[in-house]
Amino acid sequence: MALVEVEHLAKSYPRHNGLRTEEALVVDDVSFTIHRGETLGLVGESGSGKSTIARMVLGLIEPTSGSVFFDGQPVTEVPQRRLRAMRRRVQPVFQDPFAALNPRMRVAEIVAEPLVIHGAVARKELRSKCAELMRAVGLDESALGRYPHEFSGGQRQRINIARALALRPDLLVLDEPVSALDVSVGAQIVNLLRDLQHEFHLTYLFISHSMPLVRYLSTNIAVLRCGRLVEFGARDAICDAPREEYTRSLISATPELRLA
């Protein structure tokens with residue numbers, strides 16, 4: 001059984017056109033699966049619907065039609081109690097490492113927050129658990145006493161990743177996690193994500209507009225254009241022999257990156 005199953009997913013929003021209100025279709029009949037331990041790279045230009053799909057997989061917004069299943073259970077139209085339990089197993093890492101952290105909270109509070117909310121760790125063990133998570137993402141325990149503004153963008157994204165790992169999730173939804181960072185710093189984060197996947201036995205939905213990044217991390221690739229899935233398949237098949245001109249344009253638009 002697939003860990004994530006997306007079936008005929010669609011999302012539209014009302015758009016006002018003078019006196020008329022029309023439905024703007026942002027995601028149009030998208031289907032894919034992600035098996036345990038895999039990384040699905042969802043790639044497309046800005047505005048292609050990638051982040052909307054991410055939010056539907058996370059259960060943050062409802063689809064207009066279609067379904068999302070996580071480990072065989074529906075994500076949509078489920079009781080809040082079950083959705084809360086599912087969210088322990090599915091965690092996001094968003095694009096902007098600056099906006100994702102509360103500037104008034106110390107790092108220890110930020111990383112401990114999901115553990116406290118879900119009652120996952122006894123309070124006397126919170127500090128040691130947070131220190132363990134810091135080490136996992138390549139930061140020193142001393143970072144726990146500081147505030148987000150004291151860190152660089154790459155360090156902040158490491159803190160976001162530590163928080164996402166706190167509940168030992170099965171799936172990380174990574175929505176453009178390095179696009180706001182310098183190329184060299186982004187490469188470090190991508191390599192960290194690859195190492196963490198093996199260490200924590202994670203499954204990834206990795207969203208990006210960069211085909212080289214997607215190729216580096218992904219098992220399978222889904223190519224999205226204007227809300228529709230135009231190609232889906234194994235990484236090498238998509239990158240070495242793309243069927244669609246749009247996919248070829250994505251490959252040629254971004255230079256190869258030195259990540260290893």
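1. A pocket is here an open set of grid points with protein on both sides within 12 Å along at least five of seven lines, and a residue counts as lining if it has an atom within 4 Å of a point. The model is a predicted one, and the points that follow should be read with that in mind.

2. The largest pocket holds about 510 Å³ of space. Its lining is made up of 19 residues, and Arg-87, Val-90, Gln-91, Pro-92 and Pro-114 are those that lie nearest the centre.

3. As for the elements behind this lining, α2 (80-87), β6 (90-93), α3 (107-117) and α5 each supply at least two residues, and β6 gives the most, with four residues. Sorted by class, the lining of the largest pocket has eleven nonpolar, four polar and four charged residues.

4. Helix α5, residues 153-165, also packs against helix α6, residues 183-200, at an angle of about 20° and with the axes 10 Å apart. Because the angle is under 35 degrees, α5 is roughly parallel to α6, and the crossing of the two helices is right-handed.

5. On the α5 side of this contact are Gly-154, Gln-157, Arg-158, Ile-161 and Leu-165, which meet Val-185, Gln-188, Ile-189, Leu-192, Leu-193, Leu-196 and Phe-200 of α6. By class, the contact of α5 with α6 comprises eight nonpolar, three polar and one charged residues.

How values were computed. Residues numbered from 1 in each chain as written. Predicted model: local features only at pLDDT ≥ 70, side-chain atom pairs only at ≥ 80, totals over all residues. Heavy atoms only, no water. Axes fitted to C-alpha atoms, helices over the stretch in contact; angles between N-to-C directions. Parallel < 35°, antiparallel > 145°, perpendicular 65-115°, else oblique. Left-handed = near helix turned anticlockwise from the far one by under 90°. Contact = heavy atoms within 4.5 Å. Nonpolar A, V, L, I, M, F, W, Y, C, P; charged D, E, K, R; others polar. 1 Å grid on protein atoms, 1.4 Å probe; cavity = no way out; pocket = protein on both sides within 12 Å on 5 of 7 lines; lining within 4 Å. Points joined across faces, edges and corners; volume = space filled by probe spheres on them.
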